[in-house]
Amino acid sequence: MKSFMKEFKEFISKGSVMDMAVGIIIGGAFTAIVSSLVDDMIMPLLSLLTGGFDFTKLSVELGSGEGAATLNYGMFIAAIINFLLIALVIFCLIKALNKMKDKVVKKEEESPTTKVCIYCKSEIDIAATRCPHCTSELDV
């Protein structure tokens, strides 16, 4: 049992688990923002386009009387729009991050890693202060 607890403690204290926890918390907050965007901005705009019709109120009564069950398919439409917006925003964020990452990698690949010794004309490491071939001291 002690080895299990030790293993669990090591698992929890790993950076990747903490990163995942932070991601889940931020994801929850992000979902609230997008839900508000859908409910408070996009759905009212859609209702304007449809002549004041509120999608979220679309439903079918499955019985009669005051306590009859209702099938709220308008809320389902709002949930689909919510999901699509979250997916779109995440796609755009990941695409932008990948583009920035590609620029950094490309810049690293383009920067020179070697230079030519001014004395013996051999190719040497860019950070070298002394040529390994002719042992001349190089100006930095």
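**Reading the model**

Mentor: S122 is buried, at a relative accessible area of 19%, because buried means under 20%, exposed over 50% and partly exposed in between (1.4 Å probe, protein chains only). This is a predicted model, in which local features need pLDDT of at least 70 and side-chain atom pairs count only at pLDDT 80 or more, while totals for chains, interfaces and linings use all residues. Residues are numbered from 1 along each chain as its sequence is written, and side-chain values use heavy atoms, without hydrogens and water.

Trainee: Where is S122 found, and what does S122 touch?

Mentor: S122 sits in the loop between β3 (114-116) and β4 (123-125); strands are DSSP runs of E, at least two residues, and helices of H or I, at least four, numbered from the N terminus. Not counting residues up to four places away in sequence, S122 touches K115, V116, C117 and H133 (heavy atoms within 4.5 Å).

Trainee: Which residues form the largest nonpolar core?

Mentor: In soluble globular proteins, nonpolar side chains tend to be buried together. Here the largest nonpolar core has nine residues: V34, V38, M43, F55, L58, A78, I81, L85 and I86. Such a core is a set of buried Ala, Val, Leu, Ile, Met, Phe, Trp, Tyr and Cys residues joined through side-chain atoms within 4.5 Å. The largest share of this core, four residues, comes from α3.

Trainee: Which side chains meet in a salt bridge?

Mentor: Side chains of opposite charge can pair when their charged atoms come close. In this model R130 and E137 do so at 3.2 Å, N to O, the rule being a side-chain nitrogen of Lys or Arg within 4 Å of a carboxyl oxygen of Asp or Glu. R130 is partly exposed, at 46%, and E137 is exposed, at 54%.
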